[in-house]
Amino acid sequence: MSSFSQQVFDIVAQIPRGKVISYGQIARLLGHPRGARQVGWAMRNCPDGLPWQRVVMADGSITGGDFAELRREKLASEGVEFLPDGRVNMSVCRWIV
């Protein structure tokens, strides 16, 4: 595992219940402002036990292919607020601004 991936996982482990962060926010926190895709690649190998569902697109869209609905259900069960169009309400649920 790369140190970048481990740094991503370290941040994801800290996201509180009911909050989300975007791939781009994680990249910026790690000093890679254009590294959202690399964060996404790291998240494909996310270790068990991390709150992977709390990482979403910058506009609040839910990603995850076959796991998108599971992600939405997990977030809803944590009290994450959604907009009428189904995206996460980032203005309310964003962990770090």
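**Basis.** I worked from a predicted model, where local features need pLDDT of at least 70, side-chain atom pairs count only at pLDDT 80 or more, and totals for chains, interfaces and linings use all residues. Residues are numbered from 1 along each chain as its sequence is written, and side-chain values use heavy atoms, with hydrogens and water left out.

**Helix 1.** I took helices (H or I, at least four residues) and strands (E, at least two) as DSSP runs, numbered from the N terminus. I called a residue buried under 20% relative accessible area, exposed over 50%, and partly exposed in between (1.4 Å probe, protein chains only). In helix 1 (residues 3-12), I found Phe 4, Ser 5, Val 8, Phe 9, Ile 11 and Val 12 buried. Seen down the helix axis, these buried residues fall within an arc of 160 degrees (directions from the axis to the C-beta atoms), so they line one face of helix 1. They pack against strand 1 (21-22), helix 2 (23-29), helix 3 (36-43) and strand 2 (55-56).

**Cysteines.** I looked for disulfides (cysteine sulfur atoms within 2.5 Å). The count is zero. The sulfur of Cys 46 has its closest cysteine sulfur in Cys 93, 20 Å away, which is too far for a bond. Cys 46 is buried at 18% relative accessibility. Cys 93 is buried at 2%.

**Met 57.** I placed Met 57 in the loop between strand 2 and helix 4 (68-77). Met 57 is partly exposed, at 36% relative accessibility. I checked its contacts (heavy atoms within 4.5 Å). Beyond neighbours within four places in sequence, Met 57 touches Ser 22, Tyr 23, Thr 63 and Met 90. Its C-alpha atom is 16 Å from that of Ala 76, 19 residues apart along the chain.
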